[in-house]
Amino acid sequence: MPQNEDVRFTTSSIKHPLFSPPPLHHHTPNPFFTNLHLILQNLPKFPHPFHKKFNPQNAILEFLRKPNPFSWNLSNTTPLLCCASIPLTQRNLDAPKTGSGNEERVLISEVLVRNKDGEELERKDLESEALDALKVCRPNSALTVREVQEDVHRIVSSGYFCSCMPVAVDTRDGIRLVFQVEPNQEFHGLVCEGANVLPARFIEDSFRDGYGKIVNIKRIDEIISSINGWYVERGLFGAVSGIEMLSGGMIKLEVSEAEVNNTAIRFLDRTGEPTVGKTRPETILRQLTTKKGQVYSMLQGKRDVDTVLAMGIMEDVSIIPQPAGDTGKVDLVMNVVERKSGGGISAGGGISSGITSGPLTGLIGSCAIYHKNLFGRNQKLNLSLERGQIDSIFRINYTDPWIEGDDKRTSRSIMIQNSRTPGTLVHNQPDGSLTIGCVTAGIEYSRPFRPKWNGTAGIIFQRAGAWDDKGSPIIRDSYSSPLTASGNTHDDMLLAKLENVYTGSGDPGSSVFVFNMDQGLPVWSEWLVFNRVNARARKGFSLGSMRLLLSFSGGHVVGNFPPHEAFAIGGTNSVRGYEEGAVGSGRSYVVGCGEVSFPLMGPVEGAVFADYGTDLGSGPSVPGDPAGPRGKPGSGYGCGVGIRVDSPLGPLRLEYAFNDQRTGRFHFGVGLRN
């Protein structure tokens, strides 16, 4: 939270003085008048309403114990500034009792409102406010002391007066009841102390409509509630701790904000007992956005908890704020429970959408050896193997999510991979299988550079070639189209990679935008030189209980590139209703999709969709024109229906679509479309 640099910090020792009631002038005494006068004269005097009711330190400690301790309601609680709620007590006096009740009643002939000197008020509007506040004190009425007390409360509760003293005067026409009031000062300025994150404009706007007017206590109470509400809405530990009226119509507003004093990490076992952690405390602390000297925010603390959990090495995380002695600050204790093991062995299976035929169509088995917390620094090492009917991938990956000493949260990833993938997307063979083998090694650096934006840059070396079903290298497919751009059994290339990613909230209706660019570097004369750009975007819209999801992707390649890396159009994540890559294989492409989903039952949703894709006539420009001999149309569309089922892996999609060639096809996918 940025610090407030606009509020003036001023101190003053001048305080608004309290006034005592003027001396009473008696006429011919009578017993009833004497008793009433003595009772009224001994009523406790009201203090100045801008008297500080509590210590700022106590206020902030109370704030730490309760979510919103500063919530005043004039109807049922005592406001900070409204002194009309201070109880009055009647003394036990030996006075004659009349009537059937226990309180003496005195007949009042006249009721007036005057200033503290017994003179008429200069402002008639204030006199009207006081008279309007009276409920029982009326001329020619018999009153008890309690009823007078209640009307005194009502006058001060109107908010315009800082004191009120009832005075009884005996006249020849009867007893005159005079309410001697002292109006509040006019508001001419504001001094605010301690508001470091509260915007100065918010404070000024709150008091703006009161400049040059008599200060109203009820309005001040509303302003205090508004300021406290500003802190509560943002989860900040702060509140108004005092308010005081200075000379010259100046109001001094004091705000207490609990700044973070220190943050400590405490490792606990699963039973809640302290233990020794494997993770270095500084590795956790650097993840926190809450820093020393900031006003503590519960919302920011929740984000910090989520960030630490996202490291993948903690089972449970919580933050406990505690008072830091008598400093008015808070100490934060982060309790963390580490996962039982930072490493292990895993195994699983899946489906590859690139294989569309065979007895074990698309089935993939996988196993991995991994460690998620190397050296206690949250560094990750992963050795994985995936094996399918034709394809296989062996990968070694080392990731440092945050390079030590870097303040930009830059991560580093080093990767070595040997893969065998089916070439059916571009070069499907009628007389046998074709496999694309690729050895890849590279290093990438990533960092967030704006909220929701992340950038990646890296260098990748790649050697790729084609093999037949017997494992022998080949340079042409069954249609005599070349399988490499160099004419050799393999292509070598050194790629400079750049990627920008924007992600919204992460839910199905959020926005996603991804831009990739690969540039081949001519380090050696035989290495391929080309430029490839690719972009995709997704945007969701709510339509009542339904959702509209629009997605778009497109790309283009310039230069000499391997034909098996042409853009393949058609399939589960492209144009549904077609087999994988059956629409086209182009140097350029555009694919668009519109989908409306609607709830059916529990986690199950229905969907209606339509897809369109085209290679923009670029199929023949791919080296060897692999799409031409295979009769790929180059453009096509499909539409259909499907169901979605929520799962821990993302939405499970089962769809059936017809294409423009009037053939239908089932599709199964996991997660949202790319």
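**A hairpin and its surroundings**

A: Let us begin with S16 and S17, which form a hairpin with two residues between them; in its turn, Lys 452 has a positive phi of about 75°. Strands such as these are DSSP runs of E with at least two residues, helices are runs of H or I with at least four, and both are numbered from the N terminus. Before going further, please note that this is a predicted model, where local features need pLDDT of at least 70 and side-chain atom pairs count only at pLDDT 80 or more, while totals for chains, interfaces and linings use all residues. Residues are numbered from 1 along each chain as its sequence is written, and side-chain values use heavy atoms, with hydrogens and water left out.

S16 covers residues 434–450 and S17 covers residues 453–468; the two run antiparallel and are joined by 16 bridges. Two strands count as paired if DSSP finds at least two bridges between them.

With S19 (residues 490–503), S17 pairs in the antiparallel sense over 13 bridges, and here Thr 456 has Glu 499 as its bridge partner. S17 is also joined to S18 (residues 473–474) by two bridges, again running antiparallel.

S25 (residues 588–601) pairs with S22 (residues 546–559) in the antiparallel sense over ten bridges, and Leu 549 stands opposite Glu 595 in S25. S25 is also joined to S26 (residues 604–614) by eleven bridges, in an antiparallel run; there, Val 590 has Thr 614 as its bridge partner. The hairpin of S25 and S26 has two residues between the strands, and Gly 602 takes a positive phi near 60°.

Now let us move to the sheets with helices beside them. Four strands form an open sheet in the order S2-S1-S4-S3, with mixed pairing. Its edge strands are S2 (141–143) and S3 (161–171), each pairing on one side only. From one strand to the next, the twist averages 45°. Helix H3 (residues 124–133) packs on this sheet, touching S1, S3 and S4 (174–183), and its direction makes about 150° with that of S1. Touching here means contact, that is, heavy atoms within 4.5 Å. The angles run from 0 to 180 degrees between N-to-C directions, with axes fitted as lines to C-alpha atoms, for helices over the stretch in contact. Helix H4 (residues 145–157) packs on the sheet as well; H4 touches S2, S3 and S4, and its direction makes about 145° with that of S3.

An open sheet of three strands has the order S5-S7-S6, also with mixed pairing. S5 (189–193) and S6 (238–245) stand at the edges with a single partner strand each, so one side of each has no neighbour in the sheet. S6 and S7 (residues 250–257) pair in the antiparallel sense over seven bridges, among them the one between Met 245 and Ile 251. Helix H6 lies across S6 and S7, running at about 155° to S6.

H6 (residues 217–233) also has a helical neighbour: its axis and that of H5 (residues 200–208) come within 10 Å and cross at roughly 160°. H5 and H6 are therefore roughly antiparallel to each other; angles over 145 degrees count as roughly antiparallel, under 35 as roughly parallel, 65 to 115 as roughly perpendicular and the rest as oblique.

A last word on confidence. pLDDT is the predictor's confidence in each residue, from 0 to 100; the chain averages 83, and 82% of the residues score at least 70. Over residues 4–61, however, pLDDT stays under 50, and residues 354–360 are below 50 too. Where pLDDT is low, the predicted coordinates should not be read in detail.
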